[in-house]
Amino acid sequence: MRERIRLFFILSITFFLALPSITVQAKPSKAEIARISRADTKTNKDGLLRVASSNALIVNQNTGEVLFAKDTDALTSIASVTKLMTAMVTLDANLSMDEEIAITNEDVDTVKNSSSKLPVGTVLPRSELLKIALIASDNRAASALGRNYPTGKAGFVNAMNIKALQLDMTRSEFADPTGLNNHNMSTAEDLVKMVKAAYQYPEIREITTTASYEAYVKGHRAPVNFSNTNGLIRKSDWIIGLSKTGFIQEAGRCLVMQAMISGQPMIIVLLKSYGSATRTADANRIRKWIEKTSSISHLNQSKQDS
């Protein structure tokens, strides 16, 4: 009997050791977040740029020059940054923007249980749902846009993945139009391509840089305000041409932008920030670093010319 138990124990250990290793990506601990926050205050003092976001890429939109890169090929969830693709697929379909669409129970988030200012039964034209999805990153609005695609939500997601391939986003995958599904995956490199493409749509540029929008929804006599999830839009010292944020636990806090800095159009991608204000702090730090670097370069050029 003892020999049988001993044999069973040995076989069990051997079986588990033979299993492939599984990497579990955990959210940083409070100590790690605190360390990142302390590092934030030291950034740029030696003239070097450091960002707290796990993945970051800064590219000159005109020249393609990479100014800064950090783990740019790492595959990660992108949360509501997804909605830029949702907007492009919606606009590509050339559907009537005046068509009225109802928010239904199918649009209620049962994945992350996120809230929404759009009650079930609200009816709005497609144009307003697009604005609310991009400005306030509302998931019900994005879901309704996908659900009312000619071939339904499944066809919409398929169109998203086809669009990604057309943009050479070879390492990206889309699973839903909201970004709530953590299988919406991409890299910083691919997202630069997506931002460049989205920037070609005047509607997306205008909507994503709108500070707030008001709409009449079910159950409210007065219009409901939808504020832009990127607070930098309301800062007068920023010239932003396109913007989108994102957040779910698996993705951390994300931000993609096109902005004019030192007279040049820059595309900024920040992924997997874990502090509540880290992505914003990173963006401000990046702008100051580019401005300082450009100033030094201009000064050196002037000395050479004189």
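Start by selecting Ser80 and Lys83: their side chains make a polar contact at 2.6 Å (a pair of N or O atoms within 3.5 Å; within protein, one must be able to donate a hydrogen and the other to accept it, and residues adjacent in sequence count only if both atoms are side-chain atoms). You are looking at a predicted model, where local features need pLDDT of at least 70 and side-chain atom pairs count only at pLDDT 80 or more, while totals for chains, interfaces and linings use all residues. Residues are numbered from 1 along each chain as its sequence is written, and side-chain values use heavy atoms, without hydrogens and water.

Stay on Ser80, in the loop between strand S3 (76-77) and helix H3 (83-92) (DSSP runs numbered from the N terminus, helices H or I of at least four residues and strands E of at least two). Ser80 has a relative accessible area of 8% and is therefore buried (under 20%, with a 1.4 Å probe and protein chains only).

The Ser137 side chain makes a polar contact with that of Lys83 at 3.4 Å. Ser137 also touches Ser80, Lys244 and Thr245, among others (heavy atoms within 4.5 Å), and is buried at 12% relative accessibility.

Keep Ser80, Lys83 and Ser137 selected: an unreviewed UniProt entry annotates them as "active site", though such annotations may be inferred rather than shown by experiment. They spread over 58 residues of sequence yet cluster in space, with a largest C-alpha distance of 7.6 Å.

Finally, go to Ser243 in strand S9 (residues 239-248). Its side chain makes a polar contact with the Asn230 side chain at 2.8 Å.

Terms used:
Buried means under 20% relative accessible area, exposed over 50%, partly exposed in between (1.4 Å probe, protein chains only). Lists of a residue's contacts leave out its neighbours within four places in sequence.
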